[in-house]
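Subject: Structure handover

Hello,

Here is the structure for you to look over. My notes follow below it.

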Amino acid sequence: MAFRFRLEKVLSVRRSEEEEAERRHAEARRARARAVAALERARAELGRAHERLDDLKRGGELTAEDLYLHASHVAGLRRRVEAAATEVRAAEARVRETHQALLEAHQAREALEKLREREETRWREAERRRETRILDEIALSRRSTGEEERHGP
């Protein structure tokens, strides 16, 4: 007779839940990486805008209209940097949330697997004791039969 864990279906569900939690966490990490990259691009673009203004100042070709357009452009870029930074913070929060969910799913699966191992160990020990008892009974029966044949009924 083979060991059968009474909560095998629950364990299977826990494994699936852990795999799903791993998938969600990986997606959250990818989303964070995309958000960080977008923030870096926005900051780089803002830096290039400041460099262009410096170039115009050095070249002496700066008009009031240029300053106004530049200020307007920089204000838009700063809004983009702030929006990207907000997105990074949200993505980081999501990574923390999914990591916590993954830890909880892992612990739930691991607890059931440990229970399964303990139950299987107990089952194996009970099987070993049962087999030993059967072998002892067989040996006793053979000894008893052998004594009867030697001494008669």
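How many helices and strands does the protein have? It has two helices and zero strands. Helices (H or I, at least four residues) and strands (E, at least two) are DSSP runs, numbered from the N terminus.

Two points on the source. This is a predicted model, so local features need pLDDT of at least 70 and side-chain atom pairs count only at pLDDT 80 or more, while totals for chains, interfaces and linings use all residues. Residues are numbered from 1 along each chain as its sequence is written, and side-chain values use heavy atoms, leaving out hydrogens and water.

Overall shape

The C-alpha atoms fill a box of roughly 130 × 25 × 15 Å along the principal axes. The radius of gyration is 37 Å, whereas a compact globule of 153 residues would have one near 15 Å. That radius is taken over C-alpha atoms, and the globule rule is 2.2 Å times the number of residues to the power 0.38. Of the 153 residues, 21% count as buried. Buried means under 20% relative accessible area, exposed over 50%, partly exposed in between (1.4 Å probe, protein chains only). The protein exposes about 11,700 Å², with carbon and sulfur atoms supplying 51% of it. These areas come from the Shrake-Rupley method with a 1.4 Å probe; for residues, only the protein chains shown count as cover.

Contacts along the chain

Contact means heavy atoms within 4.5 Å. Among contacts between residues at least 6 apart in sequence, 87% join residues at least 24 apart. Take Ala 42, in helix H1. Ala 42 is buried, because its relative accessibility is 5%. Beyond neighbours within four places in sequence, Ala 42 touches Arg 80 and Val 81. Its C-alpha atom is 6.9 Å from that of Leu 77, 35 residues apart along the chain. Ala 33 is also in helix H1. At 48% relative accessibility, Ala 33 is partly exposed.

Salt bridges

The whole structure has 17 salt bridges. Each is a side-chain nitrogen of Lys or Arg within 4 Å of a carboxyl oxygen of Asp or Glu. Glu 8 and Arg 116 form one, at 3.1 Å from N to O. This pair links helix H1 to helix H2 across 108 residues. Arg 15 and Glu 113 form another, at 3.2 Å. They sit 98 residues apart, Arg 15 in helix H1 and Glu 113 in helix H2. Glu 113 also bridges to Arg 109, at 2.6 Å. Those two are four residues apart in helix H2, so about one helical turn separates them. Arg 109 is buried at 13% relative accessibility, whereas Glu 113 is partly exposed at 21%. A network of salt bridges links Glu 8, Arg 15, Glu 18, Arg 109, Glu 113, Arg 116, Glu 120 and Arg 124.

Aromatic pair

Rings of Phe, Tyr and Trp (its six-membered ring) pair if their centres lie within 6.5 Å; planes under 30 degrees apart count as stacked, over 60 as edge-to-face and the rest as tilted. The count is one aromatic pair. The ring centres of Phe 3 and Trp 123 are 5.9 Å apart and the planes are at 55°, so the pair is tilted. Phe 3 lies in the segment before helix H1 (8-59) and Trp 123 in helix H2, so the pair ties together parts 120 residues apart in sequence. Phe 3 is buried, at 17% relative accessible area.

Best wishes
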